[in-house]
Amino acid sequence: MSQLASLILNPETMLSLLAAVAVFATIVTLAMPVLQKDELGSRMKSVAIEREKLRIQERARLAEQKKKGSLKNESGGFMHSMVEKLNLRKALADEKTFIKLTMAGYRKQSHIYVFLFFRVVLPILLALVATIYVFGISDMERPFMVRVLIVMVTAYAGFYAPNLFINNKVAKRQKSIRRAWPDALDLMLICVESGMSLEAALKKVSLEIGLQSPELAEEFTLTTAELSYLQERRQAHENLATRTGLEAVKSVSMALIQAERYGTPLGTALRALSQESRDQRMSEAEKKAAALPPKLTVPMIVFFLPILFAVILGPAIITVTETLK
């Protein structure tokens, strides 16, 4: 043991061991790149497999929705036959009509037939009811032309009532999407910067944002499905902007298209657009708060001031009347 210890502690032996370790480390360092397996191909293959699984799942979900009739081209029965016989699609519908119905959330082919059917039938029904009321039930002492004018105005209102209904649905849908859009962009930014693909990010955001805005969750789900089966991904982004009709969504769609076409960083664009949408939402809230005092002026004059005068002058009037008695 003493000889072994003296041999190990010998400076020449220590230098030899250090030299051997250094040579071994050098050989391992030089040989590692040669012996290491190329994992890039396997990683890309796994990504492709996961992407294909996602596409298969979305296609299966879309097929299930078609079976249920959510996106099915339904005939519409009596309404469909009436619209086709009268050729109302060419007379009353154009591309803007289809876009408006899509923005309102009505994507079935049967919805256009229902819309056109009520645009024709509702004026006739309201005109008939107005005629019975004006000329039969009511004791309206008006000239004949005035009664005819009332019936015509009622029929005109019935003709444009479906448009007002659709515009109201579009406004409510856009309001819901506009309120949840900045939060959805923040969630999408987190998902993209964490390494998720765009389809996975949209799917995740649609699940998270569903409680706040079901309309926006529906649009993201539909966009994910379109990204899976459309030949051009650009078309899916453009369809999202068309279905919502909001400038903020159009800006994000253009950013997504440019990011896929030119390879620009998507996180920077999403962060800027998210801040812009949040500032726009705050400015709209400030505008509503600034418009509140003028709107409260008339209710205060009509409802508050008479009560205030009654409370202040009531005791004095009672005292004066008792004194005069």
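How many helices and how many strands does the chain have? The chain has 14 helices and zero strands, where helices (H or I, at least four residues) and strands (E, at least two) are DSSP runs numbered from the N terminus. This is a predicted model, in which local features need pLDDT of at least 70 and side-chain atom pairs count only at pLDDT 80 or more, while totals for chains, interfaces and linings use all residues. Residues are numbered from 1 along each chain as its sequence is written, and side-chain values use heavy atoms, with hydrogens and water left out.

**Figure 1. Overview of the chain.** Buried residues (under 20% relative accessible area, with exposed over 50% and partly exposed in between; 1.4 Å probe, protein chains only) make up 27% of the 325 residues. Of the contacts (heavy atoms within 4.5 Å) with a separation of 6 or more, 66% are accounted for by residues 24 or more positions apart.

**Figure 2. The contact of helix α6 with helix α7.** Helix α6 spans residues 95–103 and helix α7 residues 109–137; their axes come within 11 Å and cross at roughly 110 degrees. That makes α6 roughly perpendicular to α7. Axes are lines fitted to C-alpha atoms, for helices over the stretch in contact, and angles run from 0 to 180 degrees between N-to-C directions. Angles under 35 degrees count as roughly parallel, over 145 as roughly antiparallel, 65 to 115 as roughly perpendicular and the rest as oblique. The crossing of α6 and α7 is right-handed; a crossing is right-handed if the near helix is turned clockwise from the far one by less than a right angle, and left-handed if anticlockwise. Thr97, Phe98 and Leu101 of α6 meet His111, Ile112 and Phe115 of α7. This contact has four nonpolar, two polar and no charged residues, with Ala, Val, Leu, Ile, Met, Phe, Trp, Tyr, Cys and Pro counted as nonpolar, Asp, Glu, Lys and Arg as charged, and the others, Gly among them, as polar.

**Figure 3. The contact of helix α9 with helix α10.** The axes of α9 and α10 lie 8 Å apart, at an angle of about 155 degrees. That makes α9 roughly antiparallel to α10, and their crossing is left-handed. Residues of α9 in this contact include Leu198, Leu202 and Val205, and those of α10 include Ala217, Phe220 and Leu227. By class, six residues are nonpolar, four polar and two charged.

**Figure 4. The contact of helix α8 with helix α13.** The axes of α8 and α13 come within 9 Å and cross at roughly 160 degrees. That makes α8 roughly antiparallel to α13, and the crossing is left-handed. Among the residues in contact are Arg178, Trp181 and Asp186 of α8 and Leu270, Arg271 and Glu284 of α13. The contact has nine nonpolar, three polar and nine charged residues. Ser277 belongs to helix α13 and is buried, with a relative accessible area of 8%. Beyond neighbours within four places in sequence, Ser277 is in contact with Trp181, Pro182, Leu185 and Ala248.

**Figure 5. The largest nonpolar core.** A nonpolar core is a set of buried Ala, Val, Leu, Ile, Met, Phe, Trp, Tyr and Cys residues joined through side-chain atoms within 4.5 Å. The largest has 29 residues, of which Trp181, Met188, Leu216, Phe220, Val252 and Leu270 touch the most other members. Helix α8 gives the most to this core, with nine residues. Val252 touches Trp181, Leu185, Leu270 and Leu273, residues up to four places away in sequence not being counted. Another core lies apart from this one and has 15 residues, among them Ala104, Tyr113, Leu116 and Ile166.
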